[in-house]
Amino acid sequence: MHAFRSADRQTGGGRLHGAVVRHLGDKVAPRLVDTTSGLQVFATAAVLTEMAGWMAHDSGRDDLGVQHFARALPLARTSGDLPLTANIAASRSHLALHTGDPAAAAHWAQLGLSLAEKGPRIASLTARLHAMQARALATSGQQSPARRALDAAHADLESPSDAVHP
């Protein structure tokens with residue numbers, strides 16, 4: 001994952017999208033059905049699938065990005081990693097807003113917040129989710145709720161986290 005992220009930052013856009021998808025299919029997918037693999041393999045698959053979604057989005061292929069994010073969410077849920085699952089919900093919120101669906105964006109942000117509340121407190125994650133919620137509400141003309149969500153994001157950034165999460 002770190003190697004793909006580093007290479008993507010250097011090359012930009014979605015140039016590595018195909019390589020990430022091939023790695024998922026060739027190396028990660030077979031481990032998902034291997035009875036000796038633990039739940040961490042589902043988290044790995046979720047992270048790489050989300051990464052493929054961002055790469056698709058960065059290269060202007062939002063429809064493909066939506067598909068990747070939709071696949072990443074159940075993988076993250078299966079892993080039991082609540083912060084990861086909430087982070088993917090934030091990604092879905094971003095893409096929904098980008099594609100012109102503020103109602104779906106607000107839904108995904110709220111789902112992410114509800115997931116984040118069940119796991120360890122990670123201030124940057126809840127701040128991101130509140131910011132996504134604020135953007136969705138502001139886009140749909142709900143100024144007061146958007147301001148409250150933005151205030152919540154600001155408060156999150158000023159409060160300590162219970163844990164760090166990669």
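A: Let's begin with a word we'll need a lot: two residues are in contact, or touch, when they have heavy atoms within 4.5 Å. What you're looking at is a predicted model, where local features need pLDDT of at least 70 and side-chain atom pairs count only at pLDDT 80 or more, while totals for chains, interfaces and linings use all residues. Residues are numbered from 1 along each chain as its sequence is written, and side-chain values use heavy atoms, with hydrogens and water left out.

Our spot is histidine 130. Leaving out residues up to four places away in sequence, histidine 130 touches Leu113, Ala149, Ala152, Ala153 and Asp156. Histidine 130 belongs to helix H7; helices here are DSSP runs of H or I with at least four residues, strands are runs of E with at least two, and both are numbered from the N terminus. Is histidine 130 buried or exposed? It counts as buried because its relative accessibility is 17%, and buried means under 20% relative accessible area, exposed means over 50%, and partly exposed is in between (1.4 Å probe, protein chains only).

Now follow one of those neighbours, aspartate 156. Its side chain and that of arginine 121 meet in a salt bridge, at 3.5 Å from N to O. The term means a side-chain nitrogen of Lys or Arg within 4 Å of a carboxyl oxygen of Asp or Glu. This pair links distant parts of the chain: aspartate 156 sits in helix H8 (residues 143-158), arginine 121 sits in the loop between H6 and H7, and the two are 35 residues apart. Aspartate 156 is buried because its relative accessible area is 10%, whereas arginine 121, at 27%, counts as partly exposed.

By this rule there are 2 salt bridges. Besides the pair above, arginine 147 bridges to aspartate 151, with their closest N and O atoms 3.5 Å apart. Arginine 147 and aspartate 151 are 4 residues apart in helix H8, so about one helical turn separates them. Aspartate 151 has a relative accessible area of 38%, so it is partly exposed.

There's another buried histidine to visit. Histidine 57 is in helix H3, and with 12% relative accessibility it counts as buried. Its side chain makes a polar contact with the side chain of aspartate 62, at 2.6 Å. That term covers a pair of N or O atoms within 3.5 Å; within protein, one must be able to donate a hydrogen and the other to accept it, and residues adjacent in sequence count only if both atoms are side-chain atoms. Setting aside neighbours within four places in sequence, histidine 57 is in contact with Asp62, His94, Leu95 and His98.

H3 itself covers residues 40-58, and its 19 residues reach 27 Å from first C-alpha to last, close to the 27 Å expected at 1.5 Å a residue. That expected span is 1.5 Å times one less than the number of residues. H3 is mostly covered, with 15 of its 19 residues buried. Just after H3, glycine 60 takes a positive phi of about 80°. Aspartate 62 takes us on to H4, where it is one of the buried residues. The buried residues of H4 pack against H2, H3, H5 and H6.

Time to zoom out. A nonpolar core is a set of buried Ala, Val, Leu, Ile, Met, Phe, Trp, Tyr and Cys residues joined through side-chain atoms within 4.5 Å. The largest one has 37 residues, among which Val20, Leu84, Ile88 and Leu129 touch the most other members. Helices H2 (17-32), H3, H4 (62-79), H5 (82-98), H6 (102-118) and H7 (123-139) each give two or more residues to this core. H3 gives the most, with 10 residues. Isoleucine 88, not counting residues up to four places away in sequence, touches Ala46, Glu50, Phe69, Ala72, Leu73 and Ala76.

And the whole chain? It has 8 helices and 0 strands. Of its 166 residues, 45% are buried. Among contacts with a separation of 6 or more, 61% join residues 24 or more positions apart.
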